Amino acid sequence: MSDLSHGGPGNEADADAAAVNALRSAVMRLSRRLKHQRVDESLSPTEMSVLGTLARCGSATPGELARKEHVQPPSMTRIVALLEAKGLVRLEPHPDDRRQKVVSRTERAEAMLEESRRKRNAWLASLAEGLDEDEWAKLRAAAPVLEKLAHL
């Protein structure tokens, strides 16, 4: 892909910019629609994101979670306290530094996340039923690329 900030051959740069714009718009719309497919309406999207991070990355300190979630440490402390009050995380002493705590998901959080994944996957699968075989092939090819972009 050409460097969008420096241009390049006119048509290619224009096509790349249009593709980036279409991708951004589609990802935002799809993300908004997926957020409505929640199992537990009492959890904020941020709380769900923290639980998802714990599921992907394992236990972490509040400071590590704040960095991964791109929020300030005091905000993460409040989020963790809310999740703990709901029985979705537990705080344990850090094995090496007793001044810190380690945040872990509870079995209740694991079950809720699994149900949430199941519901969202079923919703996406029902949308995808409208795709033809060529579109399915393109979606299968694009999925690893989108996954890479999500983690850069």
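Started with contact range: residues 24 or more positions apart make up 48% of the contacts with a separation of 6 or more in the protein chain, contact being heavy atoms within 4.5 Å. I'm working on a predicted model, where local features need pLDDT of at least 70, side-chain atom pairs count only at pLDDT 80 or more, and totals for chains, interfaces and linings use all residues. Numbering runs from 1 along each chain as its sequence is written, and side-chain values use heavy atoms, with hydrogens and water left out.

Next I looked up the elements. I find 6 helices and 2 strands, in the order α-α-α-α-β-β-α-α from the N terminus. These are DSSP runs numbered from the N terminus: helices are H or I with at least four residues, strands E with at least two.

Then I checked helix 3 (residues 62–69) against helix 4 (residues 73–85): their axes come within 9 Å and cross at roughly 110°. Axes are lines fitted to C-alpha atoms, for helices over the stretch in contact, and angles run from 0 to 180 degrees between N-to-C directions. The pair is therefore roughly perpendicular, the label for 65 to 115 degrees. On the helix 3 side I see P62, L65, A66 and E69, meeting P73, M76 and V80 of helix 4.

Last, V50. Skipping neighbours within four places in sequence, I get V50 in contact with L65, E69, M76, I79 and L83.

I also noted the overall extent: the C-alpha atoms fill a box of roughly 60 × 40 × 25 Å along the principal axes.

How values were computed
Parallel < 35°, antiparallel > 145°, perpendicular 65-115°, else oblique.
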